[in-house]
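Reader: Could you walk me through this structure, one question at a time?

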Amino acid sequence: MPFLFSEICRLLSDLEKLKKRHPPLLPTALKGETGSKIEYWFRCNRNAIHYPGVDGVAILSTLFPEKRTDRVYGMKEDRLGKLVGRCLNMNSANRRILEDWKTPGRGDLGDRVEMIQKPYDEPRAQDHPVTVEEVDKALNDLASRIRFSGSDVYKRKSPSSASDDSLRDIFLRLKSSEAKWLTRLILKDFSPVVLDEKLVLNAYHFLLPDLLKFQDSFSAAVDLLRGPFCNIPSFTSDPKAAWALKCQAAASLTPQIGVKIGRPQFLKPRSMENCVTLANKQIWSVERKYDGEFCEIHIDLEKGLGSEIKIFSKSCRDSTRDREKLHDTIRACLGVGQPHCAFRRKCIVIGEMVVYSDREQRILEFHHIRKHIRRSGVSIGNDADSQVRPGEHLMIVLYDLLLVDDDPVLRRPYSERRGQLTKIMTKRLGHAMTADRIEIDFSKPDAKEKLCNHFAAALHQRMEGLVLKPSQMPYFSLVGDDNSNRRSHIIKLKKDYLPEFDGERDVQDFVVIGASYDPKLAHKSNIGKLEFTTFHLGCLINIEDATRFDQRPVYKVVDAIDLHRCIPPAELRTLNDYATFQSIPFVREEDRLRDAEDIGFDLVLDCTPSSKMKVILIEPIVVEVLGSSYDKPSNKPYYMLRHPRILKVHLDRGWKEAISFDKLQEEAEKALNVPEDESTESKKMSQNVKEVLGKFQRKSRRDRRQRSTPRPKATTSPATTVRTTQSSQSDSPCVRRQRTPSNLKDKSPILVRIDTPELRQENPHKTEPAPRWLALNSKVATDSLPTPKSSVVETGTKSGNPKGLKIHRKRPSNECPQPRPTKTIVLGTHTPLHGRPFVETLTDITNNKSTRVVNRNPPITSDTYASDEKKVASPKVTPKIPSTTCCWPDCPFTNAVVYLSPCIRGQSWVADDLLTSHGTERATDLEHWLRDNAKQPSLGSVVAESAAWPSMQKIVLVESRREEATRALVEDIRKIGLRDEVIFFDWRFLEEWKKFESGMERFCPLKFLAVAKRYLYGRTVWEDGKGEVSFLDKDSAMIPRDWIIMQ
């Protein structure tokens, strides 16, 4: 019984609804709902999927079309739109509607097909529903016409009319939503739906993810499931049974010649410290990373000389024909056909293909490879490259061994595999070698220094970076192996990942001169409606004439950057806002711009995609771009940053500050070639290494101090409650922070004694606040309190003090204070309906969160001074309390209540310095905000301080890099049902705002808006209809209107 194509379309439609839900779900909730939908779909269709005769390869190929790299259809949106129009017999009006996919906000090509076919859904007959097998056969026929498809697919070449007829028959039988997904299937992109590969494969069969590690092919994996493992069920709810079955299957798994093996997980550390953490005190092999193309080489001597070699690329493509110039080098290196060959029948090795120059005695840059290889027999991207120079040839750098005859070497530790690799290969200078490596034991204290030195040496030799591999781990960690409980991964260490080597990173300022729109890219973004998805970079080619003689600037388009993982969301919004209001339509006349007089510059255009723009900016905008070294793009004679990504938009910089075209070429030559005088560069590199090691040492000392400092035990005082004015946390719902005066920084914190009437039995209804001068002069050495008999401030009815007044007494030098935490409680009094004042008991007030309020300025009455004048003299000098009012008149934090996430609550730089300078109210408990909404009845008779500020903006400062903790905090706020809007910012927004206030950066409204959007994390919105709180992420949330300052 064949499997229906409509079932897969139903799953994709359900996932698309979740993705497009408004308001959008939080990432954690979205992931959970998506997983539930996928598991439910497989549970309902499990019997049909595994029914005898159902093509499992067709189902998996339909779910993951991008994995079928052997199928190349040679179609993009323009050509596919014409094909769909012919298949569905569209008239001219519908064809014009179909072309609307190019307009922003109209969806992609699949959405337009669904809209056109929607009226014909009801009368469409479903007597012969479309099956997955029919769709898979039609796509095979379509791919067989393209020479870039895999050799197995291209062999079964069918007439073009046959493939068109089969597609026409399928499109006419599909409903509108199914036609939409078939259109996206041909484009190999289901955006906005992105299936979780691991989750789907595990739901299909719990053994499938492990099978694909050894045989990365759907057909080979399905053959194993239908053959040797046919008696193993596809799903089991018993974890122990699943573990036993996985162990049984893993014991019989071996690599197969002619089927590509999967690759281990690669990790990219965010810093050197993160890299050391990932190493986890193990022994790692540190190798230099060569800039070439991945090769997985299969040797099968049983096929005879001439056809014994098969090479796979990183994308699983069969590249044997493309890399024919490398075959003789491989035969000579491995001794194929020679008596000294170390294997008898088969072998699998992994390496990197590079270009070597005998004249220069070095490995050349990456772009030289395209001059030596072809793609399916066609030279691509080398129109502007020079001819192959004498002495240039392909070279193989081997670094791993996976199979020797019937021995699956990939199950052994990496150090053993490398040792065996050196035995079976013959090195030849300039043709075959092994990757340079050294082992570092990260459990030793000098490991960090060794790693930094080797990384600096690799950069000095103009290598890409380093690759770290665990020496004692196999290629894969499977269930049942000795190391199955340990993760096996590879660490890539490149300079563009590491902020510590900022001086070595390739960062340049370019100007954005135009923008364009790609609906396929717009679907991949979680941002709302976008006008532009791609931005085109330019460089000035007449920098001297434009700056010295004020001539008209002339720009050359050098590259284009799209939003897919290359532009941060905040910068993408800024660029969209700028391009929407500061651009004109792009109209081209041959090699120049038609309306050049409407803008302030000229353009040099070519026929490459980077010059195909929708609009051109009236005034270019400067962006900071990061790359991974330099390279020559396809069909271009100049150097440009490789893999460019936009870091930041600089609204405060002019076009003259961006890099010129000549300067770009100079920087590329400097970065790619080792200088003749290496002393200056060596000194600079050594200084970077010293700085990185200094950070390691400072962090290690800080960690040791934290581990050696014991935490004070909590104790309570039976008679006195005291607090310090420097405490970083308070029990009050909202606490206004105050900075310690500069002349008291190195002194002890100030203690304020606040007595309670419950503790003074002689007068339970009267509260005597402490005099202000006494509070300012009472000090102690630490943040904790001494024992009661050595208290700094005493209260009692002794013979010398019959009235029970507070007396200042010095502590004896031989008394040692015992640390204990303190708490401040201020008893509030109120008048009930009967008009008789009363005071709440201590038990009632301490259980009421809203009553724990710190009174920073206790009232000083004339009675208090009169009773104290006779005992203690007034001080001559009164210390000045620093002002906590923000100097900026329109500061967004002045009229706000701020809650700090637990991640940053203990950071004194944020809590004590940044917030204090704004006079911001601080909330220590989220539930205190409920009092302002009147959603919660009063817990007691004392009103919290936060209830007096119901109109204040509620802000939460988070650490956005800690995703899990931040999402948990958002869920907590949603659960308590807070009606007021709460806006979330990364705490670094405070630092950026401080730059405006201090004058370090010039203030402008557009720049302030860009900074606020960059650090915006999201906000909550109360929905009356649903009676719940929804969270809008930073792509959907907006900055409050009253924050848009126009000064």
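**A first look**

Author: The protein has 31 helices and 35 strands, where helices (H or I, at least four residues) and strands (E, at least two) are DSSP runs numbered from the N terminus. This is a predicted model, in which local features need pLDDT of at least 70 and side-chain atom pairs count only at pLDDT 80 or more, while totals for chains, interfaces and linings use all residues. Residues are numbered from 1 along each chain as its sequence is written, and side-chain values use heavy atoms, with hydrogens and water left out.

Reader: What share of the residues of the protein count as buried?

Author: Buried means under 20% relative accessible area, exposed over 50%, and partly exposed in between (1.4 Å probe, protein chains only). Of the 1047 residues, the buried share is 50%.

Reader: And what share of the contacts with a separation of 6 or more comes from residues 24 or more positions apart?

Author: A contact means heavy atoms within 4.5 Å. Among contacts in the protein with a separation of 6 or more, residues 24 or more positions apart account for 74%.

Reader: Thanks! How are α2 and α11 oriented to each other, roughly parallel or roughly antiparallel?

Author: Two packed helices are described by the angle between their axes and the distance between the axes. Here the axes of α2 (residues 27-49) and α11 (residues 197-204) come within 9 Å and cross at roughly 30 degrees; axes are lines fitted to C-alpha atoms, for helices over the stretch in contact, with angles from 0 to 180 degrees between N-to-C directions. Angles under 35 degrees count as roughly parallel, over 145 as roughly antiparallel, 65 to 115 as roughly perpendicular and the rest as oblique. The two helices are therefore roughly parallel.

Reader: Which residues of α11 make the contact with α2?

Author: On the α2 side, the contact is made by Gly 35, Ile 38, Glu 39, Phe 42, Arg 46 and Ile 49. Their partners on α11 are Leu 199, Val 200, Ala 203 and Tyr 204.

Reader: How many aromatic pairs does the structure hold?

Author: Rings of Phe, Tyr and Trp (its six-membered ring) pair if their centres lie within 6.5 Å. The structure holds 10 such pairs.

Reader: Is the pair of Trp 181 and Phe 190 stacked or edge-to-face?

Author: Planes under 30 degrees apart count as stacked, over 60 as edge-to-face and the rest as tilted. The ring centres of Trp 181 and Phe 190 are 5.8 Å apart and the planes stand at 75 degrees, so the pair is edge-to-face.

Reader: How many residues apart in sequence are the parts that Tyr 555 and Phe 601 tie together?

Author: Tyr 555 and Phe 601 form an edge-to-face pair, 5.3 Å centre to centre with 90 degrees between the planes. Both Tyr 555 and Phe 601 are buried. Tyr 555 lies in strand β14 (residues 554-562) and Phe 601 in the loop between β17 (592-593) and β18 (602-604), so the parts tied together are apart in sequence by 46 residues.

Reader: Is Thr 534 buried or exposed?

Author: Thr 534 lies in strand β13 (residues 534-540). Leaving aside neighbours within four places in sequence, its contacts include Gly 514, Leu 521 and Ile 561. Because its relative accessibility is 12%, Thr 534 counts as buried.

Reader: One last thing: what separates the C-alpha atoms of Asp 518 and Thr 533?

Author: Asp 518 sits in the loop between β12 (506-516) and α19 (519-524). At 25% relative accessibility, Asp 518 counts as partly exposed. Thr 533 is 15 residues from Asp 518 along the chain, and their C-alpha atoms are separated by 6.0 Å.
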